[in-house]
Amino acid sequence: MRKLVHFFLAIILVSAVLFYTVSELNNSEGYSGRNTLTIYNWGDYIDPQLIKRFEKENGIKVIYETFDSNEAMLTKIEQGGTTYDIAIPSEYMIDKMRKEHLLIPLDHSKLPNLHYIDKRFMDLPFDEDNKYSVPYFWGTVGIVYNPKMLGGKKITSWNDLWDPGLRNKILLIDGAREVMGMGLNSIGYSLNDTNHAHLQKAKRKLDTLTPNIKGIVGDESRLLLENEEASIGLVWSGVASEIMSENKNLEYAVPKEGSNLWFDNMVIPKTAKNKKAAHKFINFMLDPKIAAKNAEYVNYSTPNKKALSYMPKETVNDERFYPSPQLTEKLEVYQNLGKKNLAYYNELFLEFKMHRK
Amino acid sequence: MSRIFLVLIFLILYAPIFFLVFYSFNSGGTMYGFKGFTLDWYKELFQDSRLLIIVLNTLVIALLSSLFATIIGIFGALGIHSMKKRQTKNTLLSLNNVLIVSPDVIIGASFLILFTMAGVKLGMFSVLLSHIAFSIPIVVLMVLPKLSEMSPTLIDAARDLGASRWNVLTKVVLPYITPGIFAGFFMALTYSLDDFAVTFFVTGNGFTTLSVEIYSLARRGISLNVNALSTLLFLFTLVLVVVYYFISQRNKPNGWGVKK
């Protein structure tokens with residue numbers, strides 16, 4: 001008995017010491033003050049130095065938490081037990097959160113830097129007038145390929161993928177919108193098309209691609225492409241820039257027929273405790289110099305037009321990640337198709353997945 | 001032959017861990033292509049106070065939750081053991097086992113719903129409570145065999161010799177089942193350390209544990225300081241196992257003797 005009591009006391013003592021260390025660390029980082037700002041962002045999606053700078057300039061302490069999917073973030077915010085002041089979801093989730101009244105309208109008078117954002121990226125269908133959200137990063141869906149493994153072949157359009165020479169080489173994303181969008185775009189329809197005849201046609205076109213498909217995969221496509229176990233992959237541009245920084249042989253192309261344009265936007269959830277600081281932070285991130293620094297750290301494309309002038313020429317002129325205006329004209333943001341149409345997309349995608357060579 | 005098989009199994013089981021440890025010293029920055037030895041990732045790890053806070057949080061939660069779970073679990077096991085009716089005993093035991101085998105995701109989701117309805121703010125407290133809750137059945141399961149192993153005549157003898165109920169508990173029963181208690185404690189500790197599914201639902205407001213943090217880091221490719229961290233944690237658990245081994249060696253019941 002005595003041994004047990006001693007053991008338990010020792011555990012309590014150790015916990016107390018650890019707990020004390022944690023609170024000391026928190027104090028030294030300034031996390032315990034009243035004037036804090038809680039940010040909920042994707043993992044490794046901001047330059048940590050910028051957070052330090054914001055803290056220093058405004059005397060506001062930042063608590064930074066991360067999530068790994070829009071759905072996980074939604075659950076935490078919906079549930080209401082959290083106090084996030086800023087979250088950074090993707091466009092389709094913003095539309096959903098807005099409809100579920102989970103967001104607070106932004107006070108544009110407190111965001112003087114908003115005019116630096118490229119007009120092309122404002123007033124988009126998922127949030128007209130940018131009432132609830134401000135663009136953070138943007139990108140496209142495109143094709144990563146390995147010219148070395150393809151004998152120097154260049155890929156510029158969706159239809160290049162149907163080349164019989166690419167047998168068993170292509171990795172697709174396991175996403176109905178992405179793959180169906182590719183099918184629709186390749187025959188000249190909008191990727192938000194809901195006409196059943198058009199969708200059927202796109203699906204039949206995709207079926208003829210089957211011999212060229214190596215696999216329909218999730219996140220593992222990143223490793224397969226990096227390690228040269230596959231030579232072509234349908235990916236998001238953000239993923240592409242990461243893979244390409246690991247393997248210099250890879251190339252990225254936004255197909256000339258058009259593709260998807262995606263956004264991660266800053267929003268203020270209704271759970272926010274410190275709206276003033278949240279606006280301050282959003283405005284801070286909209287500052288061209290700050291946005292440029294962040295874009296260089298994260299390696300995604302910034303929607304901040306002025307920021308481009310502070311970034312290296314070769315990044316900004318890289319048409320793979322900052323496509324020309326002619327091409328961006330053709331890029332489309334996913335619209336919310338409604339439950340019925342989305343179900344039809346999923347059904348067709350499932351049929352396509354089951355199609356045999 | 002069987003020995004070779006055993007060695008092979010252990011090699012396969014440990015290979016990924018050693019692979020991970022090996023690359024935590026890679027100056028190249030990726031998990032393939034070893035470029036040279038470096039301790040940079042460890043240095044970076046200790047400079048990252050956010051990650052350090054998360055590690056310490058994880059440890060505090062693990063220690064405290066397994067402590068409380070052990071204490072509650074002991075009484076749970078005593079309760080189940082003392083049931084006179086066989087049927088009630090079996091029912092209680094089955095209910096306990098159901099909690100162990102039910103999927104973590106479901107347990108986590110139900111905690112989230114419960115805390116929301118009860119108005120508990122997500123954070124350290126909610127994580128601690130849920131860890132205690134899912135550890136209790138494990139402790140019960142580890143302590144029960146020791147109790148049933150104990151001869152009932154031992155208690156009768158103590159009672160005959162004039163021991164009070166309290167004396168019987170503290171001087172006879174608890175010392176006898178101490179190995180089971182330790183086993184339960186350490187099991188609960190490892191469960192709490194690596195639990196992701198339940199914790200994922202109940203973290204919030206600036207409080208996270210390591211498993212949840214690593215999971216969200218993984219989306220953009222894991223930096224090697226996560227390898228460094230995993231190495232340190234692996235060593236930590238190794239030390240725990242060794243400590244547990246020595247404790248259990250010292251506590252080996254020698255015959256019928258009752259220890260103080």
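## Chain A at a glance

Chain A has an accessible surface of about 15,900 Å², and 53% of that belongs to carbon and sulfur atoms. Areas here are Shrake-Rupley values with a 1.4 Å probe, and for residues only the protein chains shown count as cover. This is a predicted model, with local features needing pLDDT of at least 70 and side-chain atom pairs pLDDT 80 or more, while totals for chains, interfaces and linings use all residues; side-chain values use heavy atoms, leaving out hydrogens and water. Residues are numbered from 1 along each chain as its sequence is written, with chains lettered from A and ligands numbered from 1 in the order in which they are written.

Of the 357 residues in chain A, 57% are buried (under 20% relative accessible area; exposed is over 50%, partly exposed in between; 1.4 Å probe, protein chains only). The chain has 13 helices and nine strands, taken as DSSP runs numbered from the N terminus (helices H or I, at least four residues; strands E, at least two).

## Strand E4 and its partners

Strand E4 of chain A, residues 133-145, is mostly covered, with 13 of its 13 residues buried. E4(A) runs antiparallel to E9(A) (residues 261-267), joined by seven bridges; pairing takes at least two DSSP bridges between strands. Here A:Phe137 sits opposite A:Asp264.

Five bridges link E4(A) to antiparallel E7(A), residues 232-236, and three link E4(A) to antiparallel E8(A), residues 251-253. A:Val144 turns up in both pairings: opposite A:Gly233 in E7(A) and opposite A:Tyr252 in E8(A).

## Salt bridges

Over all chains, the whole structure holds 16 salt bridges (a Lys or Arg side-chain nitrogen within 4 Å of an Asp or Glu carboxyl oxygen). A:Arg98 pairs with A:Asp95, closest N and O atoms 3.0 Å apart. They're about one helical turn apart, because three residues separate them in helix H4(A), residues 91-99. A:Asp95 is buried at 6%, whereas A:Arg98 is partly exposed at 22%. A:Lys99 joins these two in a salt-bridge network.

In chain B, B:Glu149 and B:Lys146 meet at 3.2 Å, N to O. They too are three residues apart, in helix H6(B) (residues 124-149), so about one helical turn separates them. B:Lys146 is buried at 16%, while B:Glu149 is partly exposed at 47%.

## A greasy patch on chain B

B:Phe5, B:Leu6, B:Ile9, B:Phe10, B:Leu13, B:Tyr14 and B:Phe18 make a nonpolar surface patch of about 710 Å². Patch residues have over 30% relative accessible area and no salt bridge, with like charges joined within 9 Å and nonpolar side chains (Val, Leu, Ile, Met, Phe, Trp, Tyr) within 5 Å. B:Leu13, in helix H1(B) (residues 2-23), counts as exposed because its relative accessibility is 54%.
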